[in-house]
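Reader: I am new to this structure and would like to learn how to read it, one feature at a time. Could you show me where to begin?

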Amino acid sequence: MPFQARFNEGVALHQQGKLIDAQRIYGEVLQQQPNHFDALHMLGVIAAQTQQTELGVELFKKAIRLNAKVAAAHGNLGIAMQSLKRHADAVASYDRAIALKPDYVDAHYNRGVALRDLNRPDEALASYDAAIALKPDYSDAYNNRGIVLRELKRPEEALASFDKAIAHKPDHPGACNNRGAALLDLNRPAEACASFAKAVALQPNYADAYNNRGNALRQLKRPEDALASFDMAIALNPDFADAYYNNRGMALAALKRYEEALVSYDKAIALKSDSAEAHYNRGNTLRDLNRPDEALASYDAAIALKPDYADAYNNRGNALHDLQHSEEALASFDRAIALKSDFAEAHNNRGNPLLDLSRPEEALASHDTAIALKADYAEAHYNRGIALVELKRCEDALASYDAAIALNPDYTDAYWNQSLCFLLTGRLEQGWRQYEWRKKLKKPLGVRCYPQPLWLGAENITGRTLFIYWEQGLGDTIQFCRYAKLAELLGAKVVLSVQEPLCELLELVCPTIQIIGPAEVPTEFDYHCPMLSLPLAFKTTISNIPANIPYLKSDVGKSLFWKEKLGEKNKLRVGLVWSGGFRPHQTESWTINNRRNIPLSRLAILKDPNIEFYSLQKGEPAESELAGFMFDNWSGPDIIDFTSQLQSFSDTAALVENLDLVISVDTSTAHLAGALGKPVWILNRFDACWRWFLERTDSPWYPTVKVYRQNTAGHWDDVIQRIKMDLTSISS
């Protein structure tokens with residue numbers, strides 16, 4: 001048989017998919033005619049088809065050396081080069097093919113694929129356009145063209161291209177999937193979800209479409225459905241589970257299943273250790289778990305992998321802020337902004353450490369920048385309100401909280417902080433009503449669930465049992481336990497639950513009220529009320545604050561013990577408290593502690609030969625601070641320390657009864673002294689707690705209190721000087 005006829009027989013077998021038989025015949029032809037171009041070319045095609053790509057390249061090149069004017073040979077060489085990821089060589093081959101045959105549609109299309117792999121998207125787009133011009137119904141070209149347009153951040157055009165692909169080929173699952181991705185880019189998740197659903201209907205094993213569908217469902221706030229979609233993607237394609245596990249983790253985090261989310265992120269990182277996004281999302285979940293140190297390490301890992309990761313720098317700043325590393329947090333936010341100048345979230349977050357650093361004007365400017373970039377940014381309006389309160393611009397702060405609430409009507413923190421602003425400015429009726437929002441905070445206050453109704457003053461409680469329970473700090477309980485007597489005057493039998501250190505003291509002064517421990521619940525009661533809802537129940541205003549003092553008293557026997565222990569009095573006796581209690585696991589309280597506490601060394605100038613100072617300071621690190629100063633022969637006053645003998649507030653009250661004056665920062669001891677009717681001088685920070693009101697030096701809650709407030713945030717010198725002058729005046 002003539003060799004050409006034999007070659008044609010090989011082509012027929014090749015077209016039938018009988019590659020081994022076709023390969024044998026092409027070989028026979030080459031034995032008869034070693035320079036047979038077509039046989040060499042077709043052997044190259046079979047080599048490429050059977051993953052012998054390197055051999056295919058050599059065969060294509062050998063054929064081209066025999067005849068360089070056949071466009072198909074150059075085109076097939078380009079495909080083989082592309083398989084070997086030799087993208088530049090592939091483009092050169094396609095260029096030669098197109099030069100020989102300008103209407104070579106597949107060469108234009110494949111050239112676009114290679115150019116995209118070379119990160120030359122504009123040229124890739126031109127190649128796809130050329131292919132479509134030659135073949136207007138080329139669905140795959142429209143699909144790939146859309147992919148490039150998405151990469152060029154042109155989602156509207158990408159969507160139009162995917163629509164064309166689907167119009168020409170309605171059963172194109174890839175185009176449906178990619179169309180959904182473009183819709184997600186355009187923030188149209190519901191439509192995107194429908195596109196992904198169509199993709200998986202056309203191709204039920206389409207793992208990537210299930211993954212993308214999960215992302216759309218996550219945006220639609222349907223985390224349970226999203227989780228199911230991610231699980232399907234992982235089941236179908238575990239080899240690409242790095243992305244899927246990362247997305248699965250985000251769905252679990254949205255469901256507040258944080259520990260499971262961490263497991264998913266760890267799996268993603270195990271599969272792909274260089275996934276910056278997985279490290280970043282892991283950090284976010286660790287912050288949700290209140291583990292800021294570990295979160296910081298995860299953000300650092302993300303940044304090491306992706307140094308221009310603005311989001312990671314932003315959330316790294318949040319973790320540093322959680323840890324009270326304010327200067328470092330500020331630097332991290334600044335880096336995020338340097339990478340992305342219009343990053344509204346980073347500008348907003350930047351204000352938080354600035355507040356901690358007592359730079360409220362700069363904080364306000366940061367929040368204003370965030371709002372200028374994103375006018376509907378409720379959180380920035382909220383944080384702006386906080387900065388304005390610190391600047392004592394309360395009316396402006398109330399307006400900012402209103403703006404935040406208008407944008408987000410369920411914004412619990414905004415309602416809560418606005419209530420504090422109302423209370424601070426003396427608008428108690430509005431304040432108490434809105435203070436009820438504390439029960440909906442992320443860490444709710446004053447919430448207990450009982451079958452009995454909540455009492456807020458509406459029902460007649462004569463002859464009924466009212467269960468009142470503590471809800472916040474020791475100072476709050478001391479301040480508001482006064483209302484238990486008022487409830488009793490309405491005819492109620494009152495059961496009062498308080499913290500353990502207060503039980504003995506309150507049992508002494510409230511003999512007709514049943515005092516129970518912090519976790520106890522009476523067996524029977526008719527109504528219940530958290531302690532800080534009592535001012536609302538009694539419609540408390542500035543003019544009717546119940547301030548009949550003393551409403552607490554010390555144990556007579558204990559008071560006598562301290563009278564004898566202190567001995568004959570020949571000097572003014574002053575109790576000192578310079579620091580609030582440190583709560584190592586309540587990071588949210590650290591900032592306030594830093595602002596309200598005074599280093600003991602600053603009180604050295606109070607030394608006066610006519611005054612005996614007594615420490616009322618309980619808890620570390622303040623007790624060790626005092627011991628250290630006394631050991632080092634400090635220049636300040638001798639401070640007599642009996643605090644090791646104070647085991648409860650009943651003990652402290654007995655010692656305070658034997659003093660003339662208590663000087664304290666804003667702590668529970670100040671409340672105790674005020675409730676005992678003792679003169680109390682409160683050293684108060686610039687941004688004082690709402691209960692001391694604005695610009696007042698007295699207290700409607702405690703008639704014996706005098707407030708010494710900072711004139712400038714963070715500056716104690718003028719406060720201490722005023723205290724010294726007044727002490728000198730009374731001691732002499």
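Author: Gladly! Keep in mind that this is a predicted model. Let us begin with a helix. In α4, the buried residues are Thr53, Gly56, Val57, Leu59, Phe60, Ala63 and Ile64.

Reader: Which elements cover the buried residues of α4?

Author: The cover includes α3 (37-49) and α5 (71-83).

Reader: And how far does α4 reach from its first C-alpha to its last?

Author: For a helix, you compare its reach with the span expected at 1.5 Å a residue. Helix α4 covers residues 53-66, which is 14 residues, and it reaches 20 Å, close to the 20 Å expected.

Reader: Now for charged side chains. How many salt bridges does a search of the whole structure find?

Author: It finds 43. To read one, look for a side-chain nitrogen of Lys or Arg within 4 Å of a carboxyl oxygen of Asp or Glu. Take Arg86 and Asp89: their side chains meet in a salt bridge, with 3.2 Å from N to O.

Reader: How exposed are Arg86 and Asp89?

Author: Arg86 counts as partly exposed, at 31% relative accessibility. Asp89 is also partly exposed, with a relative accessible area of 34%.

Reader: Which salt bridges link distant parts of the chain?

Author: Here are two examples. Asp368 forms a salt bridge with Arg384, and their closest N and O atoms are 2.6 Å apart. Asp368 is partly exposed, at 32% relative accessible area.

The other example pairs Arg427 with Glu395, at 2.3 Å from N to O. Arg427 is in the loop between α25 (412-424) and α26 (428-435), while Glu395 belongs to helix α24 (residues 394-407); they are 32 residues apart. Arg427 is partly exposed too, with a relative accessible area of 27%.

Salt bridges can also share partners, and here they join Arg6, Glu9, Asp21, Arg24 and Glu28 into one network.

Reader: Let us turn to open spaces. What is the volume of the second largest pocket?

Author: Its volume is about 600 Å³. After the volume, look at the lining. The second largest pocket is lined by 19 residues, and the closest to its centre are Asn215, Arg218, Asn247, Met250 and Glu277. The elements that give two or more residues to this lining are α11 (173-185), α13 (207-219), α15 (241-254) and α17 (276-288). Of these, α15 gives the most, with five residues.

Reader: How does the lining of that second largest pocket divide into nonpolar, polar and charged residues?

Author: There are five nonpolar, six polar and eight charged residues.

Reader: How many cavities of 30 Å³ or more does the structure hold?

Author: It holds one, and the largest cavity has a volume of about 30 Å³. Among the residues that line the largest cavity are Leu576, Trp578, Ile598, Ser664 and Leu683. Strands β5 (572-577) and β8 (661-665) are the elements that give two or more residues to the lining, and β8 has the largest share, three residues. The lining holds eight nonpolar residues, one polar and no charged.

Technical notes. Residues are numbered from 1 along each chain as its sequence is written. This is a predicted model: local features need pLDDT of at least 70, side-chain atom pairs count only at pLDDT 80 or more; totals for chains, interfaces and linings use all residues. Side-chain values use heavy atoms; hydrogens and water are left out. Buried means under 20% relative accessible area, exposed over 50%, partly exposed in between (1.4 Å probe, protein chains only). Helices (H or I, at least four residues) and strands (E, at least two) are DSSP runs, numbered from the N terminus. On a 1 Å grid over the protein atoms alone, a cavity is a set of points where a 1.4 Å probe fits but cannot get out, and a pocket is an open set with protein on both sides within 12 Å along at least five of seven lines; lining residues have an atom within 4 Å of a point. Grid points are joined across faces, edges and corners, and a volume is the space filled by probe spheres set on the points. Ala, Val, Leu, Ile, Met, Phe, Trp, Tyr, Cys and Pro count as nonpolar, Asp, Glu, Lys and Arg as charged, and the others, Gly among them, as polar. The expected span of a helix is 1.5 Å times one less than its number of residues. Contact means heavy atoms within 4.5 Å.
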